[in-house]
Amino acid sequence: MSKTFDLVRGTTVAAIIEDKQAVSAIVENTYRQHGAGRTTNPDSYFLKFADRPDDRIIALPARIQDQGGEDVAGIKWISSFPGNVASDLPRASAILVLNSMADGYPYACLEAAGISAARTAAGAAVTLRALQSSHPLSDGTVSIFGAGVIARTIIDYLIALELPVRTVLVCDPHPASAEALIQHIGAKGLTARAVTADEALESGVVITATTAAVPYISRPPRAGQVYLNVSLRDFTVAALAGVQNLVDDVDHCLKAQTSPHLAEQAWGSRDFITGTIPELLSGDLELDPELGVVVSPFGLGVLDLAVAAWVHRRAVAQQEAVSIDGFFASLDRWA
């Protein structure tokens, strides 16, 4: 008996996930499968450090029958070290391991920071696209708090999905980061400029993609306005009051001091949750266009898993997966 174990380099992953339409379709379909109960997505596990409170490493295990009909399990192991950016090193790094459901053996390991960013951005884009029927982006203006990799990737996906974005307002306390994002957006053919937080909150869509640990935005969205709370901790409890609140998964999102978790603690109830992203995408949720919307996606491991399984198949087909001979010392039970 023999088994292969593949490594998929980050450069290979990056080339494959350039197909943003395919990634978006996978993310949307996986959301639907999750809503239909066809996934296993347990809690994320946070490894924290008492002497380094800003740093953490998170494990996201999951199982899904993905779009190719492959029953697969796996885990993403992603670190977040915000101090990296001072050395021009990316904040996040990650790998993802795929396991066969036939015998449990791992069969591939992929560099996954790009996958994580892509599934986050694709989730934001497909959600905003689904909201266009009730909350259209009539002014063509999107604001984004934070100017890092996630912000850049979200804008790229909004463009790829042909959402009606014309102008992007960038709010970041680090001028060089803001300028880098503005230049990136300009190269994509859109208008962009740096703004204050108050100016940013006037856009039809407001996206947060920061590393904030403490909420600082207290103004709730007005009628027809959408907040995409991608970084989860930027909005105070007051900003979630009297509006329609969507999450990707209720149990997952209402923990770890996210904005919805703080609201649950303050109000003693989950009644403020209007529905979920899977319900929105499947057409089972009707929203009131006269009320603002706050979307808080905690981030589901099944999204990473589905994208990674597809990437691995593509890498194998393109002969870009590096097979490690003899990775398993023995496949003889009695050896």
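Colleague: Where is Q319 in this predicted model?

Modeller: Q319 sits in the loop between α10 (301-317) and β16 (322-323).

Colleague: Why is Q319 called exposed?

Modeller: The relative accessible area of Q319 is 75%. Exposed means over 50%, so Q319 is exposed.

Colleague: What is the phi of Q319?

Modeller: Phi of Q319 is positive, about 60 degrees, although Q319 is not a glycine.

Colleague: L232 also has a positive phi. Where is L232 found?

Modeller: L232 lies in the loop between β12 (226-228) and β13 (244-247). Its phi is near 75 degrees, and L232 is a residue other than glycine.

Colleague: Is L232 buried or exposed, and how do you know?

Modeller: L232 has a relative accessible area of 6%. Buried means under 20%, so L232 is buried.

Colleague: Turning to α4, how do you know that the span of this helix agrees with its number of residues?

Modeller: Helix α4 covers residues 149-160, which is twelve residues. The expected span is 1.5 Å times one less than the number of residues, so α4 should span 16 Å. The end C-alpha atoms of α4 are 16 Å apart, and therefore the two values agree.

Colleague: What makes α4 largely enclosed by the rest of the structure?

Modeller: Nine of the twelve residues of α4 are buried, so the helix counts as largely enclosed. The buried residues are I150, A151, T153, I154, I155, D156, Y157, L158 and A160.

Colleague: Which elements do the buried residues of α4 pack against?

Modeller: They pack against the helices α2 (20-35), α3 (113-131) and α5 (175-187). The strands β8 (141-145), β9 (167-171) and β11 (205-208) are also packing partners of these residues.

Colleague: What share of the residues of the chain count as buried?

Modeller: Of the 335 residues, 52% count as buried. The accessible surface of the chain is about 14,900 Å², and carbon and sulfur atoms account for 53% of that surface.

Technical notes
Residues are numbered from 1 along each chain as its sequence is written. This is a predicted model: local features need pLDDT of at least 70, side-chain atom pairs count only at pLDDT 80 or more; totals for chains, interfaces and linings use all residues. Side-chain values use heavy atoms; hydrogens and water are left out. Buried means under 20% relative accessible area, exposed over 50%, partly exposed in between (1.4 Å probe, protein chains only). Accessible areas come from the Shrake-Rupley method with a 1.4 Å probe; for residues, only the protein chains shown count as cover. Helices (H or I, at least four residues) and strands (E, at least two) are DSSP runs, numbered from the N terminus. Contact means heavy atoms within 4.5 Å.
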